[in-house]
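Have the structure open and follow along.

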Amino acid sequence: MRENVKNVAGCFVVVFLIVFVGLWLTFGGNKETQKVELTPPQVHVAPIVELPKTYEIAHQAPEKYLSYDEVKNCVKDWNKTCPEITEYGVYGHNRKDDELFYLRVGTPGCKKVLIHACLHGDERLGSCALLGIMGRMLHDYGRDEDVTWLIKNREIYFVPVFSPESYLKSRHIEQGDPNRGWAYPGSKSDNTSSPIEAMKKFVLEKKFDALVDCHTFGEIVYFPSILSNEDKDAMKNLTSKMGELSGYNNGPIGRTAGYAIDWYYWKTNSPAVLIEFADGPTHNMPIQKVAPEVEKTYKMLLYFIREAPEIKLKGVVANNNTPENKPQLQPLPNRRIFRIFR
Ligand SMILES: [Zn+2]
């Protein structure tokens, strides 16, 4: 009898221990899962609207024509005054080892626009007017809504002096006219000189979304002569709007191809224009002609910087109407290779 009682008591103890350990493992030993997840309080904070900084930049056009070194120093000073929105950069050197420099204005990662001047070194007004436009943009940042938007949404590369060696001296660079003989589909020649080679590399590397080549004189905005029919309408629309804003004329650059803007359009599929600043009648216009030209063309340039990078062009390969580049029949695919890889 006593043995039975002992056994029953023993069984109770064993069952009790099993149940206790089971309960402990289920609830007591797994405290992590017992924690109540607290949801963070929903606090609504109004976004901080940061007013853009403004810069003290002389926004009048230069009072005299600047030398290559003076232009370089002016651009470097602007970069020091507005480091948040500019960068001074060098994209190459010419044969005399002069710096081929740019001032980037805007926000890295945004659509890229290239604006260069004085491809023809003796056309000083275009270069000086471009400097006036650059200074005015930097001054207007934070003061003018449109300019502020452009600087926040575009990456603009200004090259006020294309060729330091010929700047203010000559139309020609090294072996000839720098705005003729650029390669295009079907052409047999190509224009080469140290500043042009550096620029071509720069253009291919940056893959600009829009490009401007500033010259003097004629008050006209030209678009490439090798445009495919599909792209002609888009470029006509763009340049006529630019004309409305400035009073300038617009049209295709010529019956023959081989201008810098032809090459830019061919290689980037992006809108490229040549602007002839001022009404002439000579390349050597007095400095007093610069400020009114900045006034006349400022809005037109802002419009180009905003609109041109948004235009989707098809490119020159589809169809171009240059005499040397009649449509060629594509060779038939090699049927054997075609079958293997199909
Ligand atoms: Zn020119």
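## A covered helix

Helix H3 is mostly covered, with 17 of its 17 residues buried (a residue is buried if 20 or more other C-beta atoms, placed from the backbone, lie within 10 Å of its own). Helices here are DSSP runs of H or I with at least four residues, strands are runs of E with at least two, and both are numbered from the N terminus. H3 spans 24 Å from its first C-alpha to its last, close to the 24 Å expected for its 17 residues at 1.5 Å a residue; the expected span is 1.5 Å times one less than the number of residues. Just after H3, Gly142 takes a positive phi of about 85°.

Please keep in mind that this is a predicted model: local features need pLDDT of at least 70, side-chain atom pairs count only at pLDDT 80 or more, and totals for chains, interfaces and linings use all residues. Residues are numbered from 1 along each chain as its sequence is written.

## H3 against H8

The axes of H3 (residues 124-140) and H8 (residues 290-307) come within 9 Å and cross at roughly 60°. Axes are lines fitted to C-alpha atoms, for helices over the stretch in contact, and angles run from 0 to 180 degrees between N-to-C directions. H3 and H8 are therefore oblique to each other; angles under 35 degrees count as roughly parallel, over 145 as roughly antiparallel, 65 to 115 as roughly perpendicular and the rest as oblique.

Which residues of H3 meet H8? They are Leu125, Cys128, Ala129, Gly132, Ile133 and Arg136, and they meet Val290, Ala291, Glu293, Val294, Thr297, Tyr298 and Leu301 in H8. Contact requires C-beta atoms, placed from the backbone, within 7 Å. By class, the contact of H3 with H8 has nine nonpolar, two polar and two charged residues (Ala, Val, Leu, Ile, Met, Phe, Trp, Tyr, Cys and Pro count as nonpolar, Asp, Glu, Lys and Arg as charged, and the others, Gly among them, as polar).

## H4 against H8

Helix H4 (residues 145-153) also packs with H8, at an angle of about 40° and with axes 10 Å apart. H4 and H8 are therefore oblique to each other. In H4, Asp146, Val147 and Leu150 meet Leu302, Ile305 and Arg306 of H8. This contact of H4 with H8 has four nonpolar, no polar and two charged residues.

## The wider protein

The secondary structure comes to nine helices and eight strands. Of the 342 residues in the protein, 40% are buried.

Key
Two residues are in contact if their C-beta atoms, placed from the backbone, lie within 7 Å. A residue is buried if 20 or more other C-beta atoms lie within 10 Å of its own, exposed if 12 or fewer, and partly exposed in between; C-beta atoms are placed from the backbone.
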